[in-house]
Amino acid sequence: MTEQPSNPGGGVDTPLDPSSPDLSGRTALVTGAAGGIGRACTLRLAAAGATVRAVDRDEHGLAELTGQVAGLNGTVEPQVLDLTDLDAAERAAEGVDVLVNNAGIQLVRPVHEFPPEVFHTVLTVMLEAPFRLIRGALPHMYGQGWGRIINVSSVHGLRASAFKSAYVSAKHGLEGLSKTVALEGAPHGVTSNCVNPGYVRTPLVEKQITDQAAVHGIPEDRVVSEILLRDTAVKRLIEPAEVAETVAFLCGPAAATITGSSYVMDGGWTAH
Ligand SMILES: NC(=O)c1ccc[n+]([C@@H]2O[C@H](COP(=O)([O-])OP(=O)(O)OC[C@H]3O[C@@H](n4cnc5c(N)ncnc54)[C@H](O)[C@@H]3O)[C@@H](O)[C@H]2O)c1
């Protein structure tokens, strides 16, 4: 058996060409902007020249993010907002050219023990809020004949895992919403796509690694390869910057005919 290189297949942790696509003059909105993937998307779109409304309920995380934007072509405008306030979410998206629905939460619990109120909250934040944000964003996009909607879904938008009923339900719903918006938006120059990562190196996942290492009594690198990436051909975590790179690509001119798609970046997980 050949030894797996530590970073099989290479990968990026910095933008390939930060100024591409050229989003100067464009306004973007990213939800969950204080977190791992949302933060990377915010910085990537700002590097491409966009003015980015960075939406999150985590005020402290947003403050940290705005400390990182010096030297980028665009700007970042933090907005503290809890997306369970659906009316405020819809208003926040008015006038944007690019919308990245990214905020997400997870609870791992068997269906028969899953708290109904948590199921409701997960669906609200991860499906109903994206609907309301899209609803708020579309009139401006339709008016100018151009818009880009990118929904950060997951492998769990396409496959189920035990104990993740709310998350899997929300992501499958997001896939349907994204495709419907693609059909309606096409005559108006608006594309709508999902990006579907496997496990991404974010604080959420780092914590799972530490916890699982302690529970199983094995080193953290074995947690990654033997537990998290058991069904994944490429045995490394995806970097947030790689997801952000795909999001940026979907905003660019080469992606104008890509719509209603689900862009899987899972190291081969769903190839099984
Ligand atoms: N990390 C992974 O392995 C992975 C894999 C596939 C898909 N995803 C998806 O990527 C997205 C981002 O995940 P992440 O790993 O960066 O998570 P994260 O926990 O690091 O970030 C999520 C962000 O969403 C914000 N948020 C949560 N609920 C909110 C609410 N009600 N209102 C406003 N903001 C809220 C949080 O404050 C946080 O900043 C999620 O939709 C997740 O499902 C993550």
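User: Is Glu90 buried or exposed?
Analyst: Glu90 is buried, with a relative accessible area of 15%; please note that the model is a predicted one.

User: Which residue does the side chain of Glu90 meet in a salt bridge?
Analyst: The partner is Arg135, with an N to O distance of 2.7 Å. The two residues are 45 apart and link distant parts of the chain, Glu90 being in helix α3 (residues 86–92) and Arg135 in helix α4 (residues 116–144).

User: And Arg135, buried or partly exposed?
Analyst: Arg135 is partly exposed, its relative accessible area being 48%.

User: What about Glu239, which residue does its side chain meet?
Analyst: Glu239 meets Arg201 in a salt bridge, at 3.1 Å from N to O. Glu239 lies in the loop between α7 (220–228) and α8 (240–251), and Arg201 in the loop between β6 (190–197) and α6 (203–216), so this pair ties together parts that are 38 residues apart in sequence. Arg201 is partly exposed, with a relative accessible area of 35%.

User: Which residue forms a salt bridge with Glu242?
Analyst: That residue is Arg236, and the closest N and O atoms are 2.9 Å apart. Arg236 and Glu242 are both buried, which means that each has under 20% relative accessible area.

User: Turning to overall charge, how many positive and negative side chains are there?
Analyst: The chain carries 20 positive and 30 negative side chains, and the centres of the two sets lie 4 Å apart.

User: Now the fold. How many helices and strands?
Analyst: There are 8 helices and 7 strands in the chain. Its radius of gyration is 18 Å, close to the 19 Å that the globule rule gives for 272 residues, so the chain is as compact as a globular protein of that length. The C-alpha trace spans about 55 × 45 × 35 Å along its principal axes.

User: What share of the residues counts as buried?
Analyst: Of the 272 residues, 49% count as buried. The accessible surface comes to about 12500 Å², and carbon and sulfur atoms account for 55% of it.

User: Last topic: what share of contacts joins residues at least 24 apart?
Analyst: The share is 72%, taken among contacts between residues at least 6 apart in sequence.

Terms used: Residues are numbered from 1 along each chain as its sequence is written. This is a predicted model: local features need pLDDT of at least 70, side-chain atom pairs count only at pLDDT 80 or more; totals for chains, interfaces and linings use all residues. Side-chain values use heavy atoms; hydrogens and water are left out. A salt bridge is a side-chain nitrogen of Lys or Arg within 4 Å of a carboxyl oxygen of Asp or Glu. Helices (H or I, at least four residues) and strands (E, at least two) are DSSP runs, numbered from the N terminus. Buried means under 20% relative accessible area, exposed over 50%, partly exposed in between (1.4 Å probe, protein chains only). The radius of gyration is taken over C-alpha atoms; the globule rule is 2.2 Å times the number of residues to the power 0.38. Contact means heavy atoms within 4.5 Å. Accessible areas come from the Shrake-Rupley method with a 1.4 Å probe; for residues, only the protein chains shown count as cover. Lys and Arg count as positive and Asp and Glu as negative; His and the chain ends are not counted. The place of a charge is taken as NZ of Lys, CZ of Arg, CG of Asp or CD of Glu.
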